[in-house]
Every structure is written in C-alpha cells, then in structure tokens.
There are 2 protein chains.
Amino acid sequence: MIVSSSPQPDLRLPLYQRLRDEIAHQIARNVWRSGEPIPTEAELAATHRVAIGTVRKAIDVLVADGLVERQQGRGTFVRRPRFDRSLFRFFRHLGPDGNQVVPEGRILSREARTAPGVARAALALDAHAETIQLVRIRVLQGRPILSEEIWLPAERFAPLLTASLSEIGDLLYPAYERLCNEIVARAEETLTVASATAADAECLGIAEGSPVVVVERLAFGFDGRPIEWRLTRGAAADFRYRIDIR
Amino acid sequence: MIVSSSPQPDLRLPLYQRLRDEIAHQIARNVWRSGEPIPTEAELAATHRVAIGTVRKAIDVLVADGLVERQQGRGTFVRRPRFDRSLFRFFRHLGPDGNQVVPEGRILSREARTAPGVARAALALDAHAETIQLVRIRVLQGRPILSEEIWLPAERFAPLLTASLSEIGDLLYPAYERLCNEIVARAEETLTVASATAADAECLGIAEGSPVVVVERLAFGFDGRPIEWRLTRGAAADFRYRIDIR
DNA sequence: CAGTGGTCTAGACCACTGC
DNA sequence: CAGTGGTCTAGACCACTGA
C-alpha cells in the first residue's frame, strides 16, 4: 500500500496548527493504532525542528479535538472515541443492580439496497450509487430496547456483506475499522420525537402511536467525508438526557 | 458594601490555577461587569508578579470555562452566558421568514408558595424554607409555545415579588442580577419526554396526552449553590436537538 | 500610532511512571 | 533511575484594533 504524503500545508497558518494537522493526518492514516503512543514531545520537537512549547501547543489542540490523550509520565496516546456508548447518554437502561448496562447488538438483516433520498443526500451519494442497509436491534436481558437502521456506501463497505456475523461482532465501528479500514472520526446527531409505527411497536414492545425518540446520526471519516447514516429509535419513556451549560 | 477577600489559595496548586481562581473569584464578585474587559495580560503579569506566559495559561482556562472571551487587539472580556437562548437549542420555532425567532416572555403569576419536594431537594432547602414560584409562558406571534414553572429561594429573591413586571422585563437572568444581585454561573439540564396534561394542552394548544418534552434546569451561582429550579415544557413536535460527538 | 492578544523560542525545574 | 509530560520563566516578534 502506498502511503500518501501529507497535503501541502498552508504556510499562512501558525506553526503549531501546521504541526497539529500533520500529526492529525498521521493519526487518520493509522500510522499509530488506537491506544498507541505518539512520539514524545521532545522527539516531535527535534524531528520537526520547532521548540517544545510549540509541540505542546499543537498537542493541546489535539487533546481538545479528542484525538489524543495525555498521561503524565507515560506519554501521549491515540484515542478512538467510543461512539457505541453515545446512545447511553440519551437512553437510560438500568440493569438489575441499578447500574448502566451495555446492551448486546444483534444484526437482523444486511443487504445491498437502494437508499432512501434522505440517506443518499446525507451520505452525499448520487442516485446511482450502491448502498448497504443494516437492520440491527440492541437487546438488554432478552428485551429489545433500540432499533437501528444503518446505511453505508457499498463501495467502501462491501466486506460487511461477506463477513460472518461473528467476524462483525457486537460493536460496529471497530468492525468498520477491522474489515473495511474505515475509521469514524466524528458524528453529528439530531434528536427528535416521533410516534411509534407498527414496526416500532412490534420491535420495541410498546403501543403503536406512543412516543419514540429518534436519533439521526451522520458519521464522518478523518477525511471529512460522510461514512454512515443511521437512524436509532427507542421508547421515549426510556429517554433521559443530561447536559451542562454555562 | 464590604468586599470579601479571596479565599486562601491552595499552595499545592500550580501558579496558573491559583491565578485562574483569583480572577474567577473577582468575576464572581462582579468586580468587572458583564462585557467589561479584565486587565491586560501584561498588567496581570505585573500585579501578580508572574510571567506573562503563566497569565496566558490562566486565561486559557477561563476561556475554556466560558468565563471570559478574548478579542485580539482589543482585550479579554467578561462573558455572561445567554441561558435564555439555551432553550432554542432544543426547540425550533421558525418565524415567517424561516429564521430562528426569540419569543417574548410573559409572567402569568408570581407568589410566595411552598415548593414541592423535588424543587426543595434540588435547591437544597429544608422543609421550612420559603420559596417563590413564577409561572411564565414564552409566546411567539401570539401563540404560547413553552410553559415554565420556576422556583426560587425567597430569601435571596424577595425583590422579585415587589418589582413591577416592566422592571423584570423579558429576560429573567439579567433581572436576577439587576434586582437581586444573583448571577447564574452554570446550569444542569435534564431532558425527558412526558404526556401533555390538561393544563399543558390548554396552555400550549395541543391535544391532551400528546408528547411534550420536559426540560428540568437547575441553575447555580458562582458560589456553587443552587439558585433556581425550573421546569420548561414544550410540544414534542417542536423538539429538535443537534449535537456533535467525537 | 500605541496597545492588545497571538505566536514562537529556549531552557530550567518539577512530578509522575515504570523498570 | 531514566524518561515522560507538567509548570514556569523571559523575551522577541507578529497581527489586529481603534484612535
């Protein structure tokens, strides 16, 4: 595999920003895997011929962006956000011990299908582009609590159709990285409230017409291109979201 | 008025943190009003006998905390968050021109009343403490769109009962500052979905039993003590919340 | 033009980690 | 103990603001 070199940096940008972009680019290229340390500040200062203070400022930005994590005395490590946990900021499902529990994922279907207009528009695909649909439920103690409909560009995610379900496993984003070499860097989520359709009612075990919270997620890769469009639905009764403002 | 001096700083803390706390404390004491500039970095460095880099780091933290705002070439300014706008992150009400519009506030009642248990607990008040209740609606083009129930400790907010409605005006938090010298520093909000009660239905012009989004807000002063407990209800159909994750 | 915050450097010392 | 990130200093120059 030919490793692409860094894009031409904009010389008008401050040095620490250029350095940040350079490191971010290497993280995006998977030069260091998730959890691995990046070079020490002193090394980066030496290889890039800048003062260590400039390196620290660049890393400050990377920490703020959520791309790396510092650990005093140990190093600075590549961080991959846990998007699969993000739904539990919205839905509270407590286990028998009263603690938050991570539900199991179960893929009900996966097939190459023509995506609806919203999905195509979100993924910036033209009308002819092929897409993959995954239908998935999240199950807690045998009870389905969330239903998910996921649309992916077929071109980049073809391996998902041929892999075995056990190869894909419970967590999708690690599977994307493992099987398709696609890494999710960030996502936009939009919450709305809707009425349970007949399908929702059957799947989630709630009354038809009762309120459901819909989470629409558009996930982006490090290159900024949209990778995945996902609709998650859960009973509004389970919805509880806490936010700090200032 | 006797201005309290700074609390004894913890000498184990880094210099820039102690400086941050010192400045934050002065902001909390209203030494500089909202929108006013704090001293320049060079001045702060001189008066506190520290390097300017240390001052910059302290201000970095204050910026991250949302207490001040930098403007290159002009100065660093005290910032008061616009909590009254925060509800519009949750509810989208578009005007005839398709733009987001700020609705009018209308106080329906204000009286000294005994608060319900949740409100007392949130405000950390004992059973005998007096409280003030405000009932308020937010109106857009003559149509009520949000209903608000607000509970305040009577001890700190007594002037609200005697002031005229025009003295209070449309925005509550500036009124708290003007009339009661209470400044809201941060708040915690919890979102849930409920069914419209008969009162909701009448007030908001929706069907009884249709879904409403409930925003529970607990606002804190700079001293960390809870100041205000507020319940806002709006039609779930108007709810739309967008969030970025990474 | 003077004054502000923004960038960058260079180097000292500290606190924490893991061998 | 060596190596890491964390704190702190001191000073130079740049870019932007407003009179």
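## Exercises on a two-chain model with DNA

Around DNA strand D there are 21 residues, and Pro14(B), Leu15(B), Gly53(B), Thr54(B) and Gly73(B) come nearest; a residue is near a strand if its C-beta atom, placed from the backbone, lies within 6 Å of it. This is a predicted model, where local features need pLDDT of at least 70, side-chain atom pairs count only at pLDDT 80 or more, and totals for chains, interfaces and linings use all residues. Residues are numbered from 1 along each chain as its sequence is written, while chains are lettered from A and ligands numbered from 1 in the order in which they are written.

**Exercise 1. Find which elements give two or more residues to the surface near DNA strand D, and describe that surface by class.**

Step 1. Chain A supplies α2 (41-48), α3 and β2 (75-78), and chain B supplies α1 (15-28) and α3. Here helices (H or I, at least four residues) and strands (E, at least two) are DSSP runs, numbered from the N terminus.

Step 2. Look for the main contributor: α3(B) gives the most, with three residues.

Step 3. Sort by class: the surface near DNA strand D has seven nonpolar, 10 polar and four charged residues. Ala, Val, Leu, Ile, Met, Phe, Trp, Tyr, Cys and Pro count as nonpolar, Asp, Glu, Lys and Arg as charged, and the others, Gly among them, as polar.

**Exercise 2. Work out how chain A can be laid on chain B.**

Step 1. Superpose by least squares on the C-alpha atoms of residues with pLDDT of at least 70 in both copies.

Step 2. Name the relation: that is a two-fold axis.

Step 3. Locate the axis: Pro211(A) is the residue of chain A that comes closest to it, at 3.2 Å (C-alpha).

**Exercise 3. Describe the side of chain A that touches chain B.**

Step 1. Count the residues: the contact takes 24 from chain A and 24 from chain B, with two residues in contact if their C-beta atoms, placed from the backbone, lie within 7 Å.

Step 2. Assign them to elements: α4 (83-86), β6 (184-195), β7 (211-221) and β9 (241-245) of chain A each supply at least two residues. The most come from β6(A), with nine residues.

**Exercise 4. Trace the open sheet of seven strands.**

Step 1. Write the order, which is β3(A)-β4(A)-β5(A)-β8(A)-β7(A)-β6(A)-β9(B), with antiparallel pairing. Two strands pair if DSSP finds at least two bridges between them.

Step 2. Check the edges: β3 (104-113) of chain A and β9 (241-245) of chain B each have a single partner strand, so one side of each is left without a neighbour in the sheet.

Step 3. Follow the link between chains: β6(A) and β9(B) pair over five bridges, and Ala187(A) stands opposite Ile245(B).

Step 4. Finish within chain A: β5 (residues 143-153) and β8 (residues 226-235) pair over six bridges, with Gly234(A) as the bridge partner of Leu146(A).
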